[in-house]
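Subject: Handover of a structure

Dear colleague,

Please find the structure below, together with its sequence.

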Amino acid sequence: MSPIIRRESTMALCVAAALIAALDGCPTPPVQPVEPANVLPIAIGMEYAFPGLAADFAQLRAPAVKFMPDLIGWGEMQSSATASINFSTLDRLVREYQQAGFRECMIGLKSESAWASVQPFPLEPSPNLAPKPEYMDDYEAWVGAVVERYDGDGIDDFADLEHPLRYYEIGVEFSSFEPEPVEDYVAMLEVAYRAAHNACSDVIVMHAAILAANAFIGDPGPGEYEASFAAVDERIMFHSLDDIRAILDRPDLFDAVNFHALSYPDEIEATVEWLNYEMAQRGYTKPLVISDTGATSFIGWGPATFCDGTPDQMGLMLPPATEADRCRLAAYFQQLVAGDQATTAWVRGFCAEEMIKGVIVAAQQGVIFFNTAFMEDLTPMQIPLFRASAGNAPWGGMVEGVIHWFRQEHSVRTFYPLYYALQQLVDHLDGCDTVERVATESTVRLYALSNSADASAVVEWIAWYAPTELFLPEDPRPETEFSFNETDADIAIEALITGVGQTEPDTVTSAGPAPHVLTLTPTPVFIMPSTAR
């Protein structure tokens with residue numbers, strides 16, 4: 001769950017989750033599986049998956065998915081230390097999404113339990129979701145039982161399992177969603193790692209995702225990280241850099257380094273650079289996973305619809321927004337909350353652009369798993385009560401979902417631009433195994449997409465203009481002229497799908513030879529020899 005939303009909005013999302021929390025495991029009718037695209041070394045996933053959505057999202061051909069963690073936490077699956085573990089919800093999710101064609105299903109294992117946690121939510125002032133010492137063995141048994149059921153080794157396996165489940169998070173974010181002291185979290189992580197690997201040696205266990213967000217605004221480097229992290233508001237940095245480093249000090253307790261990217265696409269590069277530094281300082285290298293993402297939010301961790309409060313009453317500014325933009329953003333978010341049609345259409349296109357950029361940047365940075373957000377709008381967060389405290393994120397869904405109480409599942413009412421944009425990206429990445437950044441001026445992003453194993457494969461590119469200042473619906477669309485010199489051939493320039501109701505991309509051509517003079521905007525464009533498509 002996105003930390004931009006914080007505690008008050010977490011309760012709102014839990015309302016939606018609670019509507020199907022009593023899933024009884026009744027099977028969803030099988031669907032014709034869709035073969036995922038052969039997409040890079042990065043697994044492109046989607047979050048958060050509910051029952052009923054697999055068939056529609058399989059059409060995107062993205063190979064991975066992350067289940068809604070609140071449906072399958074320890075407290076949801078086991079009602080007491082003496083109760084049996086209820087796998088019905090997780091079984092249903094695994095069955096439905098694997099039968100639809102998904103190859104990788106990420107599981108977030110949340111330890112929160114009303115009966116076993118030291119101090120579960122909503123107890124205040126100091127929640128602690130780690131198991132009480134007397135229940136640590138029960139926690140270990142639960143983690144081991146989940147991994148064993150879905151590891152595909154023929155021992156106690158789920159009968160309908162088609163592929164082993166490999167990716168497990170121990171807690172979903174090292175922030176206020178894992179509020180316990182770091183020593184308690186590390187002790188829990190140690191138990192969970194042992195349980196998971198005792199059940200299956202091939203699982204990829206991840207620590208709760210690191211959240212850094214605004215720590216990289218000033219482009220800090222070694223020797224500057226301490227001051228940069230210390231300056232970040234505690235609403236983001238619930239745990240300190242020292243706490244994060246206490247986890248990174250224990251590479252024996254995780255198989256991949258896990259972080260969240262919730263601010264802006266450039267944050268990914270800065271976070272990877274920092275994590276590579278931290279790993280190098282400790283003498284190890286681990287693969288990187290981005291298990292939770294969000295489009296550039298402008299404001300988060302607090303209200304965005306007014307600008308005349310004290311700093312602790314208002315949300316935090318996120319790049320490219322600055323404090324000088326607050327009142328203009330308040331008017332923008334007031335329009336969003338009021339349901340203004342034009343503003344809503346704009347933000348849906350914006351979120352599609354930002355998420356696709358995030359996938360490309362992460363792939364180039366060597367990330368092995370990237371979850372796009374979100375499968376459904378965060379509808380509760382769109383109502384006036386919550387004052388846009390998650391910024392743009394609630395309007396960043398791929399679809400408008402409908403909850404069916406009696407069928408205990410979700411369905412799709414409306415498809416939004418991100419759905420078609422992701423489908424478009426996957427089609428272009430199909431068969432590629434390499435994403436390389438091409439050197440350009442600083443405000444132009446150009447990436448080459450290729451297949452290193454096939455010398456005859458047609459190389460494509462993706463490009464966009466990356467202005468450094470905030471722009472909103474009322475502003476002129478930022479643009480720049482760019483001389484594209486990568487090929488002398490005629491090229492087709494295909495714009496990313498960003499329009500509400502749009503299902504096919506707009507394409508123009510440019511005759512060779514180079515240079516091809518292109519007008520780039522923040523909307524990514526795919527560039528290819530005109531005979532390639």
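On a 1 Å grid over the protein atoms alone, a cavity is a set of points where a 1.4 Å probe fits but cannot get out, whereas a pocket is an open set with protein on both sides within 12 Å along at least five of seven lines; a lining residue has an atom within 4 Å of a point. Grid points are joined across faces, edges and corners, and a volume is the space filled by probe spheres set on the points.

The model is predicted: local features need pLDDT of at least 70, side-chain atom pairs count only at pLDDT 80 or more, and totals for chains, interfaces and linings use all residues. Residues are numbered from 1 along each chain as its sequence is written, and side-chain values use heavy atoms, with hydrogens and water left out.

Three cavities of 30 Å³ or more were found in a search of the whole structure. The largest cavity holds about 80 Å³ of space. It is lined by 15 residues, of which Ala-261, Pro-265, Gly-294, Glu-354 and Gly-358 are the closest to its centre. The elements that give two or more residues to this lining are H9 and H11, and H11 gives the most, with three residues. Helices (H or I, at least four residues) and strands (E, at least two) are DSSP runs, numbered from the N terminus. By class, eight residues of the cavity lining are nonpolar, five polar and two charged. Here Ala, Val, Leu, Ile, Met, Phe, Trp, Tyr, Cys and Pro count as nonpolar, Asp, Glu, Lys and Arg as charged, and the others, Gly among them, as polar.

The largest pocket has a volume of about 740 Å³. Among its 30 lining residues, Tyr-264, Asp-266, Ala-466, Pro-467 and Thr-468 are the closest to the centre. Helix H9 (266-282), helix H11 (341-364) and S17 each contribute at least two residues to the lining of this pocket. That lining comprises 17 nonpolar, four polar and nine charged residues.

Sheets and a hairpin

Strands of a sheet pair through backbone hydrogen bonds, either parallel or antiparallel. Two strands are taken to pair if DSSP finds at least two bridges between them.

An open sheet of six strands, with antiparallel pairing, has the order S15-S16-S17-S22-S19-S20. Strand S15 (434-437) and strand S20 (507-510) are at the edges with a single partner strand each, so one side of each has no neighbour in the sheet. Within this sheet, three bridges join S17 (residues 460-465) to S22 (residues 525-529), and Trp-461 has Ile-527 in S22 as its bridge partner.

An open sheet of four strands, with parallel pairing, has the order S2-S3-S6-S7. Its edge strands are S2 (64-66) and S7 (204-207), each of which pairs on one side only. S3 (residues 104-109) and S6 (residues 167-170) are joined by three bridges, and Gly-108 stands opposite Glu-169 in S6.

Strands S13 (residues 399-404) and S14 (residues 409-415) run antiparallel and are joined by six bridges. The bridge partner of Gly-401 in S14 is Val-412. The hairpin of S13 and S14 has four residues between the strands, and Gln-408 takes a positive phi near 55 degrees there.

Yours sincerely
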